[in-house]
Amino acid sequence: MPDTVDRHWLWAAFSEDSALLYGCLIHKADPWAAIAESDKLSSTSLGEQRIQIVQNLVNTAKSQQIIDALGGQSVIDLTDMGGPTFKFGSSRRRLLDGFGRTAQSSTTYASLRIPELSDAEWRTAFDFLKSTIGIDFRRASDRIGAFDIFDSPKIESSEMLIDLDIDRENNLEATNYPDSVIIRHRRIGSSAVNVQLQLKLSGDWVFSRLFVLSPGQELRFKAVPFDHYCMSVFDEAGSLAQFEEHSLFLRAGLNMSMLASVREVDDRLARSAQGLSSPLRDRASVVQTRSTRRSLIGVNNVPFDVYQAQMRALIKRLVPPIGSDRWFPRGVAHEVNVISYLNTLLDGARVNAGVLVDPFFGVDTLKRVIARLESVDVALTVVTSLRGIDPETNQQNEDLISKLRQALDELRSDRVPNASHRLQVINLVDGSDQAFHDRYLLLNPHEGEKEVYLLSNSLNRSAGVWPFCISKLDPAAAHDAALYIDGLTHGRDISSSTQPTITFQWPSNDKR
């Protein structure tokens, strides 16, 4: 006989030092739910670290005790279940999907500590969580290190109230967008419900309507062409009972590749890769050539889609957002535009600090660029790699550092506040060689993660001799680049490409 007493599923995963990876309390587990003793406390490996998992079916009294502790002391004590005590700093009420429920009223509590994992271990953890509890944390980043409490469902059965199917006025025209909808009430003997249906096409809302459906009723109607729908179902009391939002899979690209000849390459790279693993050796020395043909099946673009895409591209080009990639043609006017854009990026209203990595930063760049920076609130560090060659003339010049120090002192002695008052300059060399090659700009925003921009050439003549491009790195690449840049500011090359030493630091006492 199934247990008729309400039971609630509690699940939590945490690191060996008791940092929360994710946890949840799901009210009203199915009557037949059971957890084996061996599964109540388990663990899994993520690589070098292991994750502990504790789970159990708890009664209503224990569930309420957890909720009260979260609301009062912002803690969850799972020591009686073999787990640790978690502390939380903030919470938010919201509607969440998961565990067989859609748009369930829930509260998310953000823990004060999350596990310290390597990138590879994080990816393994996401795969484990998705396979174990069905949540894809790559799409639910604000639930990492959190504890979700799902309220008791308004409707006891997990079966959906409303079914929705899509159709076309002419079923044979599969190359057209769907334009018809079928909705049906699945519960015979229950109450009528209100259904709000909203449709989108190419990101625009194109349809919105409210329906009343009686139990067992099916409604077919023609709407408008659409590729995305949002359906909300409300019970008689006005409470949300079901929610669905999906984009339709209407177009797919098919690639057909025909393998051609195999080429073997014997060069310096292939010989250098001989000590690597077999897959890497093959990639370095064997080239499998191929010819690929691409076809697209599904819904065709209609003329308005083409027009809309062209106009959106026009606006993106004419009004690019702050922080987007920029291209500056060669010319004096564009040299000025580069500096204007740097002023936008280095605005004290959005960042508090930055690092410019430029091996040819010298007196000319100081006077040309730094003297024209407008924000005096940003702590800017410049890492350069001047040796005995003048970057402006490409001629031998042993006085580069002394002239740079003199120019820095003169700029700071100016009674008018300028960017030099929070400026630090560091010169790195690798013996007699340049300590690094690439040019970067790293920014520390007041909110959010560090931003890293790749500069196409040095700022000493940005857009003066060559066109100039500045490109923002994606978060994954920016994270790794930021570690490299931070190392340079401390005189280290974490890539082990060079062995840099600091030959000049201004101001010497680092009082900015």
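These questions and answers walk through a predicted model. Residues are numbered from 1 along each chain as its sequence is written, and side-chain values use heavy atoms, without hydrogens and water. Local features need pLDDT of at least 70 and side-chain atom pairs 80 or more, while totals for chains, interfaces and linings use all residues.

Reader: How many residues does the largest nonpolar core have?
Author: A nonpolar core joins buried Ala, Val, Leu, Ile, Met, Phe, Trp, Tyr and Cys residues through side-chain atoms within 4.5 Å. Buried means under 20% relative accessible area, exposed over 50%, partly exposed in between (1.4 Å probe, protein chains only). L366, I370 and L423 have the most contacts inside the largest core. Its residue count is 36.

Reader: How are the planes of F328 and Y341 arranged?
Author: Rings of Phe, Tyr and Trp (its six-membered ring) pair if their centres lie within 6.5 Å; planes under 30 degrees apart are stacked, over 60 edge-to-face, the rest tilted. By this rule there are eleven aromatic pairs. F328 and Y341 form one, 6.2 Å centre to centre, with 50 degrees between the planes: the pair is tilted.

Reader: Which residue meets D151 in a salt bridge?
Author: A salt bridge puts a side-chain nitrogen of Lys or Arg within 4 Å of a carboxyl oxygen of Asp or Glu. The structure holds 19. D151 is partly exposed at 23%. Its partner, at 2.9 Å from N to O, is R93.

Reader: Why does the salt bridge of R368 and E335 tie together parts apart in sequence?
Author: The side chains of R368 and E335 meet at 2.7 Å, N to O. R368 lies in helix α7 (residues 363–368) and E335 in helix α6, so the pair ties together parts separated in sequence by 33 residues.

Reader: Which residues do salt bridges that share partners join into one network?
Author: Side chains of opposite charge can pair when their charged atoms come close. Salt bridges with shared partners make one network here, joining D165, R184, E218 and R220.

Terms used: Helices (H or I, at least four residues) and strands (E, at least two) are DSSP runs, numbered from the N terminus.
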